[in-house]
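Hello,

Here is the structure I promised to pass on. Please open it and keep it beside this email as you read.

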Amino acid sequence: MPEPMKAKILFTSLLFTSLLFAAEDRTQIETPSSKSPAPKPAAEEVFTDIDISSSILRIENADGSATAFLGKFKEKCFVVTNIHVLPEDGKMSVRTLGGEEVPIGNVGFAADGRDLYIMPLGKIPKDAKPLPIAFEDFSANMKVGDELLLCGDALGEGVFRNSHGKLLGLGPRTMEVSNVAFHGNSGSPILHVKSGMVVGVLARGVNLEAVDKTDEHAKNSRENSNSPLKGKMRYFSERLDTVKKWNKLSLKEYAFQCRKIEHFTLRVIAIEKFRKSKYKEAMVLENFPELGKIFDDYHRDVHKAKAYRELCEKMSKLIRHDIAMLKMTEVCEFLKKEKSEILREYQNFYDFFEAESKGGY
C-alpha cells in the first residue's frame, strides 16, 4: 500500500507489540506420572513459492509510492492498480523491477464503484511478463481456504516481496485475504495459485485495535472465544472478476476532480475554524475571500445589536451557494463518498446558521 498519500482512501498503520504469555499458577507439585503429554507443535503451513516480480511495477509520484502490475486479458495488456494511489497532480512514473519506465499515457478506466484502475498498454517492457487476469466471474473456481499470493513494493522500498496467504472470505465485490500487507502494497495483485489467475487487487486494511477503541460492541465480540476476527489486522482485495462496468477516466480528469474536492474541503475546514473561534479568527484562503469579508463586516459592526444575526444570515447564504456548486460538481464513483461527506458537513453548518439567524443575537 502507498506511503501516506493525499487521495484520502488511507491504508491503516500496522502496530506490532510483544505478546506476553502468563504462566499458569499451579498449586500442586506435578509428578512424572501426572504430567499430561506435551502438545504436538502445529504443522507449519507450506505455500507455493512463485516468482512474479517481473510482472510487478512501482508507482512513484509527489505523494509517495505504491504498487501496480502488468495484466493480460484477451490478448490485451494493462497496467492495473488502485484509484486511490493515483496522483492528485496527474503526474506519476511507473517502473519495472529493473527500473525501466513504462509509458502509460493519460488514458485509463475506473471500475464502477470499486477502487480499481486500469491503463491500456501498447508496448510490453523488456523482460516483463503480464499476468493473466480473471475479468469474468471466477467464483466457481475459488473457495475459502484456497492459496493466494500477493507481491508488491512493501513499505515502498523498491523491493518486490511475496506475501503468502489464503482466501478467508468472498463477497460480490471484495474478498478478505490472510496475506500480510504493508504501506506500499496498495495495487498489488492477488494471484489465485491453483489457477494461476489474478483475481483481485489489494486495496485496504482494517486495524482491529483501532476499531476496538471506538466500537465497544466490536471489542466485546472480538474478545469472545468464538470470534472469527483474530489478530490485529484484516486485509481486503477488490475483485477484478465481477466488475460490470469500466468508466473512462484520464489521469488529468481525476486530478481535476481531486482539486475540486480539495477546494470544498478547505472551505469546510475554514468555516469550522471560524465558528470554533467564535468568529474572532478567519482562516485566510485564496479561494475563500467571501469568508474574509463576512469576518470584516462582523467586526466593523460588532457593537450593533443585530451584528451576530446578520453574520449568521450571510453565512447561511454563503453555505447555500457552496452546497449548490458542490452538487453540480461531477466526480468519479470513487470520489462520490467523499463528496457526500462534505455535503453532509455543509448541511450541518447551514442548519446551524439558519437556526441562529432566526433566534440568535
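Over which residues does pLDDT stay under 50? That stretch is residues 1-34. The model still has 66 contacts beyond four places in sequence for residues 1-34. Keep in mind that this is a predicted model. For the chain, the mean pLDDT is 86. Of its residues, 87% reach 70 or more.

Strand S8 covers residues 147-152, and strand S9 covers residues 161-170. These two run antiparallel and are joined by 6 bridges.

Next come the helices. Two packed helices are described by the angle between their axes and the distance between the axes.

H5 with H3:
Helix H3 spans residues 251-276, and helix H5 spans residues 307-327. Their axes come within 12 Å and cross at roughly 165 degrees. An angle over 145 counts as roughly antiparallel, so H3 is roughly antiparallel to H5. The crossing of H3 and H5 is left-handed. On the H3 side, Phe 264, Arg 267, Ile 271 and Phe 274 make the contact. On the H5 side, the residues include Leu 311, Met 315, Leu 318 and Asp 322. By class, this contact of H3 with H5 has 9 nonpolar residues, 2 charged ones and no polar ones.

H5 with H4:
Helix H4 takes in residues 289-300. H4 and H5 pack at about 170 degrees, and their axes are 10 Å apart. The two are therefore roughly antiparallel to each other. H4 brings Glu 290, Leu 291, Ile 294, Asp 297 and Tyr 298 to the contact. H5 brings Ala 307, Tyr 308, Leu 311, Lys 314, Met 315 and Leu 318. The classes for H4 with H5 are 8 nonpolar, 3 charged and no polar residues. Look again at Leu 311, Met 315 and Leu 318 of H5: they touch H3, and they touch H4.

H5 with H6:
Helix H6 runs over residues 336-359. The axes of H5 and H6 are 8 Å apart, at an angle of about 155 degrees. That makes H5 roughly antiparallel to H6. H5 passes H6 in a left-handed crossing. The contact of H5 with H6 has 14 nonpolar, 4 polar and 9 charged residues.

Best wishes

Notes: Residues are numbered from 1 along each chain as its sequence is written. This is a predicted model: local features need pLDDT of at least 70, side-chain atom pairs count only at pLDDT 80 or more; totals for chains, interfaces and linings use all residues. Side-chain values use heavy atoms; hydrogens and water are left out. Axes are lines fitted to C-alpha atoms, for helices over the stretch in contact, and angles run from 0 to 180 degrees between N-to-C directions. Helices (H or I, at least four residues) and strands (E, at least two) are DSSP runs, numbered from the N terminus. Angles under 35 degrees count as roughly parallel, over 145 as roughly antiparallel, 65 to 115 as roughly perpendicular and the rest as oblique. A crossing is left-handed if the near helix is turned anticlockwise from the far one by less than a right angle, and right-handed if clockwise. Contact means heavy atoms within 4.5 Å. Ala, Val, Leu, Ile, Met, Phe, Trp, Tyr, Cys and Pro count as nonpolar, Asp, Glu, Lys and Arg as charged, and the others, Gly among them, as polar. pLDDT is the predictor's confidence in each residue, from 0 to 100. Two strands pair if DSSP finds at least two bridges between them.
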